[in-house]
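These notebook entries record what I looked up in one structure.

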Amino acid sequence: MYAQMVDTGVKAVRAVAEMSPEEQAFQARIDADIKIEPKEWMPDAYRRTLVRQISQHAHSEIVGMLPEGNWITRAPTLKRKAILMAKVQDEGGHGLYLYSAAETLGVSRDQMVADLHAGRAKYSSIFNYPTLTWADIGAIGWLVDGAAIMNQIPLCRCSFGPYARAMVRICKEESFHQRQGYDIMLSLARGTGEQKAMAQDALNRWWWPSLMMFGPSDAESVHSAQSAAWKIKILSNDELRQRFVDQTVPQADYLGITMPDPDLKWNAERNHFDFGAIDWAEFQNVIKGNGPCNRDRLRTRVKAWEDGGWVRDAAMAHAEKQAARAAAKAAA
Ligand code: ACO
């Protein structure tokens, strides 16, 4: 379903001596931690890399509304329902900030949405897994939003101004999302035996896909070296994944549930947890469009877009009418 890796024109990171004077000046600004703003000169590949990453990120927020939105009508209490509605709405807002940040690079929102709907643009692998029980809503907040924050806090310091600024607000909201998820897990873990088993089952199913969110290992990551040189990436995929494991294991211990990884153990020498091998074949299968819910997610997004066509048409007609009225008034 998906195209192969997006070609941003970067074959290898070049030494400063191999760069044009414009590129050298650009890299010097990055090295000095000066933010790059949309109207400033930038290498085409920097622009393409950002459009790729920011649009994928925006799509992830929008598609990410689906697995949780599925539980709004089935939330167990009014309070949980209100919280979940607010959270899903926040995710929609994150998508909008991110589409706006990408638009400053000269790509239109219509083009980005068309790429998503045609299967040309990726979104996070994690949103292709089903939400089978209420405990999955807890696990998504705790693990998926927890992993998202781990990745996104460094993005607040990335070199492209509009992306960095969008991330500040997104991270504040994600932190609330993470806590509400952990709160659901805590209630279940302190509940009946059946509820605790639901929490354990959700952890079993969401743990490994959450680790995959950080992307392939550094050795396999095609974009990492150049993105690090441009300070789009501040920490590598593997560094972030390790931080996430280190942070999350004690949280599972506190809940009294067990990580589904027999190889997980504290390594006093490394001062980190060692963990088992990730099933990269599963990851590749999901990002190629063959995960459990890929087709359903895209079908739902395309339908929502088509069903909303009349709203866009009405807004355009209203804007045209207003412009015509203003022109007629100016001419009178
Ligand atoms: N799901 C889907 N595709 C992925 C994932 C993933 N979890 N991880 C990596 N990939 C894709 C990359 O997009 C890239 O494909 P492309 O060339 O077609 O764009 C390919 O796998 C190779 O990976 P990398 O070279 O490591 O790619 P990159 O440098 O972009 O790093 C990462 C991937 C870490 C996800 C980066 O793009 C990033 O930080 N993005 C911003 C955060 C984000 O998008 N989060 C979304 C989930 S959070 C949320 O919505 C709640």
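**Entry 1**

I began with S221, where a polar side-chain atom lies 2.7 Å from an oxygen atom of the ligand. I note at the outset that the model is predicted. I then turned to R52 and found an N or O atom of its side chain 2.9 Å from an oxygen atom of the ligand. I next looked up how much of the ligand is covered: taken alone it exposes 950 Å², and the protein buries 95% of that.

**Entry 2: the shell around the ligand**

Which residues come nearest to the ligand? I counted 31 residues around the ligand, and the nearest of these are Q56, K122, S221, H223 and K233. Sorted by class, the shell holds 14 nonpolar, twelve polar and five charged residues.

**Entry 3: the pocket**

I asked which space the ligand takes, and found that this space is the largest pocket. I then listed the elements that give two or more residues to the shell around the ligand: α2 (44-63), α6 (134-155), α7 (161-189) and α11 (280-290). Of the shell, α2 provides the largest share, with six residues.

For the largest pocket I recorded a volume of about 1,200 Å³. Its lining comprises 49 residues, and those nearest the centre of the pocket are Q56, N151, M213, F214 and G215. I looked up the elements that give two or more residues to this lining and noted α2, α3 (65-69), α4 (78-103), α6, α7, α10 (237-255) and α11. Which element gives the largest share of the lining? I found that α6 does, with nine residues. By class, I recorded 24 nonpolar, 15 polar and ten charged residues in the lining of the largest pocket.

**Entry 4: cross-reading**

I set the two lists side by side. Q56 is among the residues that come nearest to the ligand, and Q56 is also one of those nearest the centre of the largest pocket.

Notes: Residues are numbered from 1 along each chain as its sequence is written. This is a predicted model: local features need pLDDT of at least 70, side-chain atom pairs count only at pLDDT 80 or more; totals for chains, interfaces and linings use all residues. Side-chain values use heavy atoms; hydrogens and water are left out. A residue is near a molecule or strand if one of its heavy atoms lies within 4 Å of it. A polar contact is a pair of N or O atoms within 3.5 Å; within protein, one must be able to donate a hydrogen and the other to accept it, and residues adjacent in sequence count only if both atoms are side-chain atoms. Accessible areas come from the Shrake-Rupley method with a 1.4 Å probe; for residues, only the protein chains shown count as cover. On a 1 Å grid over the protein atoms alone, a cavity is a set of points where a 1.4 Å probe fits but cannot get out, and a pocket is an open set with protein on both sides within 12 Å along at least five of seven lines; lining residues have an atom within 4 Å of a point. A molecule sits in a cavity or pocket if more than half of its atoms lie within 2 Å of its grid points. Helices (H or I, at least four residues) and strands (E, at least two) are DSSP runs, numbered from the N terminus. Ala, Val, Leu, Ile, Met, Phe, Trp, Tyr, Cys and Pro count as nonpolar, Asp, Glu, Lys and Arg as charged, and the others, Gly among them, as polar. Grid points are joined across faces, edges and corners, and a volume is the space filled by probe spheres set on the points.
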